[in-house]
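Hi,

Here is the structure I promised to pass on. My notes follow below it.

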Amino acid sequence: MAKLNKKDKSQGKGPNVNEHGVILVPPPKSVPNKEHMQRLNYLFQLSTFHTMANDQDQNRSLSRMYIRNLDLIQKKTKSALTPSFKRQICKSCHRVLIPTKTMTQQIINESKQKTARNDVLVLSCECGVRKRFPVGLNPGYQPHVERVGPIYMSK
Ligand SMILES: [Zn+2]
């Protein structure tokens, strides 16, 4: 009985650390700035819908206005967008990047050896701005927010 009590005390105090020395953090109970996030998400969905549904508007002025609005709100409220969210928006013309609709995507290899390691994914927006991602360097790469597993705390 006395041994059990000692174990309970050691687990209760201090940070919760597993056998690999990783500090385990409980998931957040609520979303901070929920209203801002809902508004940003709604504007993005609205813009995507207008890009897909409205083919008469060649300049996509309405959907671009929504993304411009989203960009301003994000800056005003200092909300952080995920990398996958930011990759779907052109920073220059505020278009939602949808393959075959507002952008073209191709894999380019400019190296002499033509090894798969030097493959670069190029997303070209209608306005001419290109986003380049070196997909060949690390094929299994995931942004930090999409990685599963415990959170590593830095000292
Ligand atoms: Zn663009």
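Which are the buried residues of α3? They are Ser63, Tyr66, Ile67, Leu70, Asp71, Ile73 and Gln74, where buried means under 20% relative accessible area, exposed over 50% and partly exposed in between (1.4 Å probe, protein chains only). Looking down the axis of α3, you'd see these buried residues fall within an arc of 165 degrees, so they line one face of the helix; the arc is that of the directions from the helix axis to the C-beta atoms. An α-helix has 3.6 residues a turn, so residues three or four places apart point the same way.

Before the rest, some housekeeping. This is a predicted model, in which local features need pLDDT of at least 70 and side-chain atom pairs count only at pLDDT 80 or more, while totals for chains, interfaces and linings use all residues. Residues are numbered from 1 along each chain as its sequence is written, and side-chain values use heavy atoms, with hydrogens and water left out. Helices (H or I, at least four residues) and strands (E, at least two) are DSSP runs, numbered from the N terminus.

Back to α3. The helix covers residues 61-77, 17 residues in total, and reaches 24 Å from its first C-alpha to its last, close to the 24 Å expected at 1.5 Å a residue (the expected span is 1.5 Å times one less than the number of residues). Its buried residues pack against α2 (34-53) and α4 (83-86), whereas Lys75 and Lys76 are exposed on the other side. Just after the helix, Lys78 takes a positive phi of about 55 degrees.

Next, have a look at Thr51 in helix α2. Thr51 counts as buried because its relative accessibility is 1%. A polar atom of its side chain lies 2.8 Å from the backbone oxygen of Ser47. Neighbours within four places in sequence aside, Thr51 is in contact (heavy atoms within 4.5 Å) with Arg60, Ser63, Val96, Ile98, Lys101 and Thr102.

Now for the charged pairs. The structure holds four salt bridges, a salt bridge being a side-chain nitrogen of Lys or Arg within 4 Å of a carboxyl oxygen of Asp or Glu. Among them:

- Lys101 and Asp55 meet at 3.1 Å, N to O. This pair links distant parts of the chain, 46 residues apart: Lys101 is in the loop between α4 and β1 (103-108), and Asp55 in the loop between α2 and α3. Lys101 is partly exposed at 23% relative accessibility, and Asp55 is partly exposed at 46%.
- Glu126 and Arg95 meet at 2.9 Å, N to O. Here too distant parts are linked, 31 residues apart, with Glu126 in the loop between β2 (120-125) and β3 (130-133) and Arg95 in the loop between α4 and β1. Arg95 is buried at 9% relative accessible area, while Glu126 is partly exposed at 42%.
- Arg132 and Glu110 meet at 3.8 Å, N to O. Arg132 lies in strand β3 and Glu110 in the loop between β1 and β2, so the pair ties together parts 22 residues apart in sequence. Glu110 is exposed, with 62% relative accessible area.

Last, the strands. β2 and β3 pair in the antiparallel sense over four bridges; two strands pair if DSSP finds at least two bridges between them. Val122 stands opposite Arg132 in β3. The hairpin of β2 and β3 has four residues between the strands, and Gly128 in it takes a positive phi near 105 degrees.

Cheers

Note on methods
A polar contact is a pair of N or O atoms within 3.5 Å; within protein, one must be able to donate a hydrogen and the other to accept it, and residues adjacent in sequence count only if both atoms are side-chain atoms.
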